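Please view the sequence and the model below before reading on.

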Amino acid sequence: MDTRRLGAQGLIVSAQGLGCMGMSDFYAGRDEAEAIATIHRALELGVTFFDTADMYGPFTNERLVGRALAGRRDDVVLATKFGNERLADGTWLGINGRPEYVRSACDASLERLGVDVIDLYFQHRVDLDTPIEETVGAMTELVREGKVRYLGLSEAGAETIRRAHAVHPISALQSEWSLWSRDVEREVVPAVRELGIGFVAYSPIGRGFLSGRFRTLADLDEDDRRRAMPRFAAANFEQNRALVEGIEELAGEKGVTAAQLALAWVLAQGEDVVPIPGTKRRRYLEENVTAVSIELTAGDLARLDEAFPPGAASGDRYPNMSTVNR
């Protein structure tokens, strides 16, 4: 597995990471033993970058990741997030970026993960009621105290990123980026590249949709959170399914899967981009990791742009888009 640099502060990660959210929350079919086996298999395949958050579970995903990586701390880059505040029963309290909460959230994550320091600490969503300077100021104190090594933001807008970076260098911006989620290309990607900030792309396979696995809405379990997302809704499903056929056609010609091709497209967007496809099963992990060796020609990229131009996907990314790109 090749490595890539996130930001200008020295953070080096595997070219592809592993998003661990679905192992504990939101998607159906969870199996803790298989999830831990998937993390162990990722390590065997050279994946060193693991992404979680306190709100996944809530709280249970950090514990799972911590158990799975016990004894391998020096081999991995561990990222987690704060800011989407939930109670243990799953109740949502809102977005919280207040300095006192930043500190308490970090201490709690350190305890659940079973580590002394978090490698990359993200503000999960921007709190509009707390100036970003105050939130990042509190995160800076965590760096000075040795509890955090590098700072990140998630789903922040370009101006917020600039303001945050002026307080303390931001190493990575994590946002959704894939063939069907390209809104970051307008303002966010130029801003992070101007500032020398790396990009961590979550949902690079479009929450699995770009793999072609979902032929109808019935392919999703009743308790799967994706059913509530506009792009999976009946009104948009067929139009988006037709777009995926363009990916499947080129994938067939190249002898790869649609998921691998979608990942290869994200990897081809620049050496400062690291996708973190999420999976809770070894077979999908092994398929995803192979994407790092797929080379796309200029012609391939042009065909994918034609098949899936910016704005082509039908429906918003989330039911409520007010919490992203702030």
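Apart from residues up to four places away in sequence, Met229 touches Arg207, Arg317, Tyr318 and Pro319. The model discussed here is a predicted one. Met229 belongs to the loop between β11 and α7, and with a relative accessible area of 3% Met229 is buried, because buried means under 20%. Met229 also lies 9.2 Å from Asn320, C-alpha to C-alpha, although 91 residues separate Met229 and Asn320 in sequence.

**Aromatic rings**

A pair of aromatic rings is described by the distance of the centres and the angle of the planes. The count of aromatic pairs in the model comes to 8. In one of them, the ring centres of Phe82 and Tyr121 are 5.0 Å apart and the planes stand at 35 degrees, so this pair is tilted. Phe82 and Tyr121 are both buried.

Phe209 and Phe232 form an edge-to-face aromatic pair, with 5.3 Å from centre to centre and 85 degrees between the planes. Phe209 and Phe232 are each placed in the loop between β11 (198-202) and α7 (234-254), 23 residues apart. Phe209 counts as buried because its relative accessibility is 0%, and Phe232 counts as buried at 1%. Ring pairs also join Phe209 and Phe232 with Trp180, Phe214 and Phe237 into a cluster.

Two arginines lie over the faces of aromatic rings. Arg231 is placed over the face of Trp180, at 5.1 Å from the ring centre. Arg225 is placed over the face of Phe26, at 4.5 Å from the ring centre.

**Helix packing**

| Helices | Axis separation | Angle |
|---|---|---|
| α7 and α10 (residues 298-307) | 9 Å apart | about 160 degrees |
| α3 (residues 99-113) and α4 (residues 132-144) | within 8 Å | roughly 40 degrees |

The angle of about 160 degrees between α7 and α10 makes α7 roughly antiparallel to α10, since angles over 145 degrees count as roughly antiparallel. The crossing of α7 and α10 is right-handed. On the α7 side, Leu243, Gly246, Ile247, Glu249, Leu250, Glu253 and Lys254 take part in the contact, and on the α10 side Asp300, Arg303, Leu304 and Ala307.

The crossing of α3 and α4 is right-handed. In the contact between these helices, Pro99, Val102, Arg103 and Cys106 of α3 meet Glu134, Thr135, Ala138, Met139, Glu141 and Leu142 of α4.

**Backbone geometry**

Most residues other than glycine have a negative phi, and most peptide bonds are trans. The peptide bond from Gly57 to Pro58 is cis, with omega near -5 degrees. Pro58 is found in the loop between β4 (49-51) and α2 (60-69). Phe59 also lies in the loop between β4 and α2, and phi of Phe59 takes a positive value near 75 degrees.

Glu155, in the loop between β9 (148-154) and α5 (158-167), has a positive phi as well, near 55 degrees. Glu155 counts as buried because its relative accessibility is 2%.

Methods: Residues numbered from 1 in each chain as written. Predicted model: local features only at pLDDT ≥ 70, side-chain atom pairs only at ≥ 80, totals over all residues. Heavy atoms only, no water. Phe/Tyr/Trp six-rings, centres within 6.5 Å; stacked < 30°, edge-to-face > 60°. Buried < 20%, exposed > 50% of the residue type's maximum accessible area, 1.4 Å probe, protein only. Helix = DSSP H or I, 4+ residues; strand = E, 2+ residues; numbered from the N terminus. Lys NZ or Arg CZ within 6 Å of the ring centre and 35° of its normal. Axes fitted to C-alpha atoms, helices over the stretch in contact; angles between N-to-C directions. Parallel < 35°, antiparallel > 145°, perpendicular 65-115°, else oblique. Left-handed = near helix turned anticlockwise from the far one by under 90°. Contact = heavy atoms within 4.5 Å.
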